[in-house]
Amino acid sequence: MTGTTLAQGDNAHQPPPAPATPTEDYAFPENRLKRVMDDPEKTPLLLVACGSFSPITFLHLRMFEMAADYVKLSTDFEIIGGYLSPVSDAYRKAGLASAEHRVAMCSKAVEKTSNWLMVDTWEPTHKEYQPTAIVLDHFDYEINTVRGGIDTGNGSRKPVQVVLLAGADLVHTMSTPGVWSEKDLDHILGQYGTFIVERSGTDIDEALAALQPWKKNIHVIQQLIQNDVSSTKIRLFLRRDMSVRYLIPDPVIKYIYENGLYMDDGTTQQANEKGKAKEESAASN
């Protein structure tokens, strides 16, 4: 499925109210945001990926690059930035390292490998779980209300379209009755829309069939080079003392061993001697 705009229909964009700030020292990261559009005729786009990232993998990062290619070749959007938003500790998912660790790993993953991806701490520093719809409202508020959109370069500013970037498994949960509320689905897919990256073993057409009211706002991106690495598999490899090199970024591997993460069923153990030895070995190679 391709498209050039997100259909607003009856869900015309309404500025969200100011979301509650988790801590007084929170600051929205904007150091890699594009300041001025290259083409004022296009629609500015902000990609937001929400997830556990426990730990972050190369596939999480590749999703942004696949989306960037799709935007460039198949749409009239122009990307102005991309954000990773790790879920809060209140999500209580199995294998979930603390928000502090997950934010650190995401930051290390993009620090030297990207010039447009950023990590936002608004969601993970909340003590309460924040629904995806509210997280997207937060980004919309920061970009369009606080900053007034983006400079088009011709003396005017444009509102930025915030979009959820996710894997095909998310669409499957959205199409499963009882998992998402109709209100949240309409808010996410009606006001913001989503870019979905296909994944092997997932029947995307079946999932989309149940989301017909919002199909114009759902952009499906083909994964031309199949990659099914997952955080679950990474944690399993680590528990079995298997190599995860070339599956996740080296700085993330180093951080995992320094902090003894995922070495057993727990996720916050102190680094043991084996972990330290593997870290030193990886650093010397």
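**Chain, loop residue, pocket**

I began with burial: 48% of the 285 residues in the protein chain are buried, where buried means under 20% relative accessible area, exposed over 50% and partly exposed in between, with a 1.4 Å probe and protein chains only. I was working with a predicted model, in which local features need pLDDT of at least 70, side-chain atom pairs count only at pLDDT 80 or more, and totals for chains, interfaces and linings use all residues. Residues are numbered from 1 along each chain as its sequence is written, and side-chain values use heavy atoms, with hydrogens and water left out.

I noted nine helices and eight strands in the protein chain, taken as DSSP runs (helices H or I, at least four residues; strands E, at least two) numbered from the N terminus.

Next I looked up Gln130, which sits in the loop between β3 (117-119) and α3 (132-146). Why does Gln130 count as buried? Gln130 does so because its relative accessibility is 11%. Leaving aside residues up to four places away in sequence, I found that Gln130 touches Trp122, Glu123 and Val135, a contact being heavy atoms within 4.5 Å. A polar atom of the Gln130 side chain lies 3.3 Å from the backbone oxygen of Glu128.

Last, I turned to the lining of the largest pocket, whose residues divide into 18 nonpolar, 13 polar and eight charged.

Note on methods: Ala, Val, Leu, Ile, Met, Phe, Trp, Tyr, Cys and Pro count as nonpolar, Asp, Glu, Lys and Arg as charged, and the others, Gly among them, as polar. A polar contact is a pair of N or O atoms within 3.5 Å; within protein, one must be able to donate a hydrogen and the other to accept it, and residues adjacent in sequence count only if both atoms are side-chain atoms.
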